Amino acid sequence: MSFRAIRPVLRASTNLAARRIAPVLRPMAVRSFSLTTSRMRNGETDSTLASALAAEHRFEVENAAQLPEVPAFVEQFKTQGVWEIQDIPGEDDVTLTRKFGNETLTLTFQISDLDSFTEPPLIEGEPAEEIEPSGPTSIACSLVITKSATPGSLMVDLETCDEGFEITNIAVYEKALAEKDGAEGDWERRSKYMGPQFDHLDQAVQEAFGAYLAERGVDEALADFVLSYCEHKEQKDYVSWLDAVRGFVEQ
């Protein structure tokens, strides 16, 4: 048989095979997902949480409406014209500054120290005594004293106490280092000599330091103001926090 006779047969068989293996393409059925907008954006508990936050915010606002916007102790403090208050709403730090001769005093404290108070632990076997809440034991403060013609700064670590302020440490740093904020500043200052432990100093030196600060207005009255202002600011920021969180949940 000649190849001419075979070619038509091969061509026909090839076309037949192609027809047999060619896939049949059919349009795929698309499954319909009918998620509502509310289900995609919100959870089932969102409205409950938002309502609880709104109720708490309304309660706090109504209570605040019965009080003066600026407490009397703050008005009196400002009227004295000695210390200037630097307070940014929502920020944890509060700064008080004043002039004393050729010196500038900057006292910084944080309202988060209000959360540091813990009740004394119960001793097993002893009857539990009723303890009245008395607030935090102390508010940590940092005082920086600079002089216009002096390159160094005096940094004093303080804590409020019943008698006013308790000095915990005194060190001298360069102005730039003493005024450096945040964790980076704290870390760099730790690498320097921070001075002796204050309560290891001679009693006469400790008393002289106390008088030195009291003459500059760092005294019992200022310590009382620091504690009262922490409580006042924490309450204001709490009300703002409630409103901000509620707004986020509702969006």
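Biologist: Hi! Are Glu103 and Arg216 buried or exposed?
Modeller: Both Glu103 and Arg216 are buried, where buried means under 20% relative accessible area, exposed over 50%, and partly exposed in between, with a 1.4 Å probe and protein chains only. This is a predicted model, so local features need pLDDT of at least 70, side-chain atom pairs count only at pLDDT 80 or more, and totals for chains, interfaces and linings use all residues. Residues are numbered from 1 along each chain as its sequence is written, and side-chain values use heavy atoms, with hydrogens and water left out.

Biologist: Thanks! What do the side chains of Glu103 and Arg216 form?
Modeller: They meet in a salt bridge at 2.8 Å, N to O; the term means a side-chain nitrogen of Lys or Arg within 4 Å of a carboxyl oxygen of Asp or Glu. Glu103 lies in strand β3 and Arg216 in the loop between α7 and α8, so the pair ties together parts that are 113 residues apart in sequence. Helices (H or I, at least four residues) and strands (E, at least two) are DSSP runs, numbered from the N terminus.

Biologist: Which residue does Glu215 form a salt bridge with?
Modeller: Arg216 again, with the closest N and O atoms 3.8 Å apart. Glu215 counts as exposed at 55% relative accessibility, while Arg216 has 7%.

Biologist: Switching topic, how many salt bridges does the structure hold?
Modeller: There are 6. Asp87, Lys233 and Asp237 are linked in a network of them.
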